[in-house]
Number of protein chains: 2
Amino acid sequence: MELQLQIKMNPNLYLRDPDSTELGRNIIQHSIKLIHDIGFEDFTFKKLAIEVGSTEASIYRYFENKHRLLTYITTWFWTWLEYQLIFHTNNLKHPREKVDIVIKLLTFEVQDKFIVEHIDKSLLHGIVICEGDKAYLTKNVTEDNKSMLFKPYKDLCHRIAEIFLELNAEFGFPHSLASTLIETAHRQMYFKEHLPRLTDFGKSKKVKPLVEFLQHLVFKSLEN
Amino acid sequence: MELQLQIKMNPNLYLRDPDSTELGRNIIQHSIKLIHDIGFEDFTFKKLAIEVGSTEASIYRYFENKHRLLTYITTWFWTWLEYQLIFHTNNLKHPREKVDIVIKLLTFEVQDKFIVEHIDKSLLHGIVICEGDKAYLTKNVTEDNKSMLFKPYKDLCHRIAEIFLELNAEFGFPHSLASTLIETAHRQMYFKEHLPRLTDFGKSKKVKPLVEFLQHLVFKSLEN
DNA sequence: AATCTATAATAGTATTACTATCATTTTAAA
DNA sequence: TTTAAAATGATAGTAATACTATTATAGATT
């Protein structure tokens, strides 16, 4: 069973809603592919236009600039991840199991329950790992934050924090631990692939040691 | 007592050694100020040249591009931090105390024992927090890594990992925990200032709750 | 049939990220 | 002390980037 999914995004993220037109969806689809392939620094609207078979000017009607587009797709990812989290933790009794789901989601080990034709979530996950932080590591953070652009990230973080509190209601750092878990999962995956000496996982494709590390980190932290 | 310090940097980081000339040191000094003020994205060699009172072309004789310069200054920071770590943990009996020093160093709570006239370490610390990750989050990671550009970061990470092993020789993830500690310290400081809902620290200037969180994270992880 | 909307096609500007040349100043070697 | 070498400054130039603006056309809507 898979569910058709359409995520309503914050209008401050775009000039024209890319989900409302064929061209818009093409822009999203090809930007994910292109950013994944050449990296955000080398990515330009000109190159994207060629991939999409449209023009630079047309893309500028949808997004103010490439940074906004990056924020759009990473934010979309966080929203999708929260949906997945809600779906997969539904009916679970033990908060322990819920934490396991969170970790599996962050390491992309959970089967995707939602269909979105034009978004390749695996590529998008790769982008979030390599480029995701650049969405908020700018001089515009404060302003973007006021426009609520990071709300989905915060919502996800808050939801994870609440699971932590189910496990240990006395715990003093649920949000910090949640954001640390999210960031660490991604950063350690990046290190594993590109700078393996900063980890203890080796370079093999297996995520199991990473999952164990994250479980250890979280469960130990939450102990009384 | 303070020590005069000159750090020998990996020649792959520069075209001409900026530490060997007045202009070179000026470039470093003003780039730290400028990147701190306007952010790495808006930072250009043109603007830097104006600040320095020199020309774009002259700066290009020292650094291939602005990304290399960023890698240079962040790498300098890691080297300096390792020196500080060695200095401040010297003669300490308990690995527990050493871990406390590590955390205090990462949160900039330790008195600096080294003099470098042209480098403002407080500004540099700010840059490492906001922009530091951009040094390795690029499509050039692998190549840069082969040129040993990230060795100081790895050395620091390894040294911290060894302290962890002093505390618990059986611990299976010393390097991952070390890199997680470094990254988390900086990211939580960033969140604290710009996206405080992702933390439990509030927006006050105090670093104490952060220090406690990091201590909790590390010591709990290292328990048997 | 008239009109509105989205897109394509094209052009244009300021800035960025360089590279190249040559004159001049500073430094180092003979 | 002269001479050569190296470093810098001044200037110019190029290709690409990051946009904005204008006009024409095709398609959908009323």
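How many residues of chain A are in contact with how many residues of chain B? In this predicted model, 41 residues of chain A are in contact with 40 residues of chain B, two residues being in contact if their C-beta atoms, placed from the backbone, lie within 7 Å. Local features here need pLDDT of at least 70 and side-chain atom pairs count only at pLDDT 80 or more, while totals for chains, interfaces and linings use all residues. Residues are numbered from 1 along each chain as its sequence is written, and chains are lettered from A and ligands numbered from 1 in the order in which they are written.

**The two chains**

On the side of chain A that touches chain B, at least two residues each come from helices H6 (121–131), H7 (141–146), H8 (151–167), H9 (174–194) and H10 (208–222) of chain A, where helices are DSSP runs (H or I, at least four residues) numbered from the N terminus. H9(A) gives the most to that side, with 11 residues.

**The DNA side**

UniProt, in an unreviewed entry, lists residues 21–81 of chain A as "domain: HTH tetR-type"; such annotations may be inferred rather than shown by experiment. The end C-alpha atoms of this span lie 24 Å apart, and the span is 75% helix and 0% strand.

Of the 14 residues around DNA strand C, those that come nearest are Leu23(A), Ser54(A), Ser58(A), Ala57(B) and Asn65(B), a residue being near a strand if its C-beta atom, placed from the backbone, lies within 6 Å of it. Helix H3 (56–60) of chain A and helix H3 (56–60) of chain B each supply at least two residues of this surface, and H3(B) gives the most, with three residues.

The table gives both surfaces by class, with Ala, Val, Leu, Ile, Met, Phe, Trp, Tyr, Cys and Pro counted as nonpolar, Asp, Glu, Lys and Arg as charged, and the others, Gly among them, as polar.

| Side of chain A that touches chain B | 14 nonpolar residues | 15 polar residues | 12 charged residues |
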